[in-house]
Amino acid sequence: MKVGVLSVQGAFAEMEAYWRSQGANVFEIRQRSDLERGLDLLALPGGESTVQGKLLKDLGLFASLKERIDGGLPVFAVCAGLILLAEKIEDDPTVWFGSLPVAVRRNAYGRQLGSFRTVGDFDGTPGVPMTFIRAPAITAVSPEAKVLSVFNGQPTAVRWRNVTAFTWHPELNAGGLRPI
Amino acid sequence: MNDRQELNRNLAQMLKGGVIMDVTTPEQAKIAEDAGACAVMALERIPADIRAAGGVSRMSDPAMIKGIQAAVSIPVMAKCRIGHIAEARILEAIEIDYIDESEVLSPADDVRHIDKTKFSVPFVCGARDLGEALRRIGEGATMIRTKGEPGTGDVVQAVRHMRKMQSEIRRVASLREDELYEAAKELAAPLDLVRFVHDNGKLPVVNFAAGGVATPADAALMMELGAEGVFVGSGIFKSGDPAKRAAAIVQAVTNWQDSKLLAKLSENLGPAMVGINADEIETIMEERGK
């Protein structure tokens, strides 16, 4: 499987390592010409969504990626990647791809002192380590989406059609997690 | 290493491939965020002005830092003096996202750094070589940056520090296991961290470039030499067109290998900060805190 990792900013090296450990053939997407290589899955890493979103537009990647996402390309998105996909960002008029029927709140657990790690169920698998770094929360989700993990009553990972998205970082503690 | 330190290392991982910009007002912070900064460093005076003003330079007014925290959604960092435990406690109390225990300010302790393992908030520290970097990590720093020579607009020291650190990392990685004890002694660094570098060929934390970066080409140069991201201090808001220059430096860090794009990014940026040659200055900040 060929996995394209969006590599404009953030923890893309960790995302690449994660997909290599799953046996994937991994390449970086930094500009439009990189998309010509063709991909079976798009991975959107952690980082700052404001930076990644701006660079997607400045580098001319935005429209081509949105077309592929909306056309059914499998997507694996964490943290900032989830924010890029969300249909709505609370208290913020910005919408990036808007391809995933969820609403998110950025920095929902506060600043870095609010970052934390916990262990929970992921899609029926117990004991999965979950790392939240200045993480967003999913405040609303379409009933058509499947909730894969929950923290304090709020969904923290969802799957909807071709998209799997996390508020936490499976790529940082990948032990035991089979994502797709 | 405790869980808090691991989480703090993780935040630095999220900043990689990005540009952290010095800002002195909420307006500048907004300009930096809109230009694509992955974090901002809130401080009353940028290094070039600290250098020009002289005198003792201290932690910024918490009210000023809070104003910047309120203005942007990206992480906000702030500087405390080397060894100034109380300034660090104050910054932790206002929930800063990262403390820079920085040689840009006047040192409060000319021998010791802060024991950063006693804090929940993360710290980034400057280093000129591998030994300094590992000593800071041993004290609990969860991110490293080169010192460079701040406020000069002269990239030569940042280049020297990054090259030295990377070549020392390569040397340690090439050693036999039984040579690591002597290497730890030479580097004056904790053995377990020397062993990590030997086994992994890299620092155990994220390593940014800082000090004297003023142009997209400077930023691309530092990425070429192994930086995982770039701090830009005086270089942006001391230049003719800060928003345009900031956005160009952000793109240069992402696509540092694409020289055609770098050429385009370098066009019509207006005047860069004037700068002073690093060997013509009187206050050598990089000598502070070893």
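A polar contact is a pair of N or O atoms within 3.5 Å; within protein, one of them must be able to donate a hydrogen and the other to accept it. Keep that in mind, everyone, and please remember as well that we are looking at a predicted model.

Let's start in chain A with A:Ser99. You'll find A:Ser99 in the loop between strand S5 (86-89) and strand S6 (100-105). Is A:Ser99 buried or exposed? Its relative accessible area is 8%, and because buried means under 20%, A:Ser99 counts as buried. Who are its neighbours? Leaving aside residues up to four places away in sequence, A:Ser99 touches A:Lys66, A:Ile69, A:Asp70, A:Leu85 and A:Trp160. One of these, A:Asp70, also makes a polar contact of 2.7 Å with A:Ser99, side chain to side chain.

Now over to chain B and helix H5, residues 85-93. Within this helix, B:Glu87, B:Ala88, B:Leu91 and B:Glu92 are buried. Seen down the axis of H5(B), those buried residues fall within an arc of 140°, so they line one face of the helix. After H5(B) comes B:Glu95, which has a positive phi, near 55°.

On to salt bridges. Side chains of opposite charge can pair when their charged atoms come close. How many salt bridges does the structure hold over all chains? There are 37.

Let me show you a few. In chain A, A:Arg161 pairs with A:Glu144, with the closest N and O atoms 3.6 Å apart. The two sit in separate loops, 17 residues apart, and link distant parts of the chain. Both A:Arg161 and A:Glu144 are exposed.

In chain B, B:Lys79 and B:Asp100 form a salt bridge whose closest N and O atoms are 2.9 Å apart. B:Lys79 is in strand S3 and B:Asp100 in strand S4, so the pair ties together parts that are 21 residues apart in sequence. Here B:Lys79 and B:Asp100 are both buried.

Finally, B:Glu186 in helix H8 and B:Arg171 in helix H7 form a salt bridge, at 3.2 Å between the closest N and O atoms. B:Arg171 is partly exposed, with a relative accessible area of 36%. Elsewhere, salt bridges that share partners join B:Arg128, B:Glu132, B:Lys147, B:Glu286, B:Glu287 and B:Lys290 into one network.

How values were computed:
Residues are numbered from 1 along each chain as its sequence is written. Chains are lettered from A and ligands numbered from 1 in the order in which they are written. This is a predicted model: local features need pLDDT of at least 70, side-chain atom pairs count only at pLDDT 80 or more; totals for chains, interfaces and linings use all residues. Side-chain values use heavy atoms; hydrogens and water are left out. Helices (H or I, at least four residues) and strands (E, at least two) are DSSP runs, numbered from the N terminus. Buried means under 20% relative accessible area, exposed over 50%, partly exposed in between (1.4 Å probe, protein chains only). Contact means heavy atoms within 4.5 Å. The arc is that of the directions from the helix axis to the C-beta atoms. A salt bridge is a side-chain nitrogen of Lys or Arg within 4 Å of a carboxyl oxygen of Asp or Glu.
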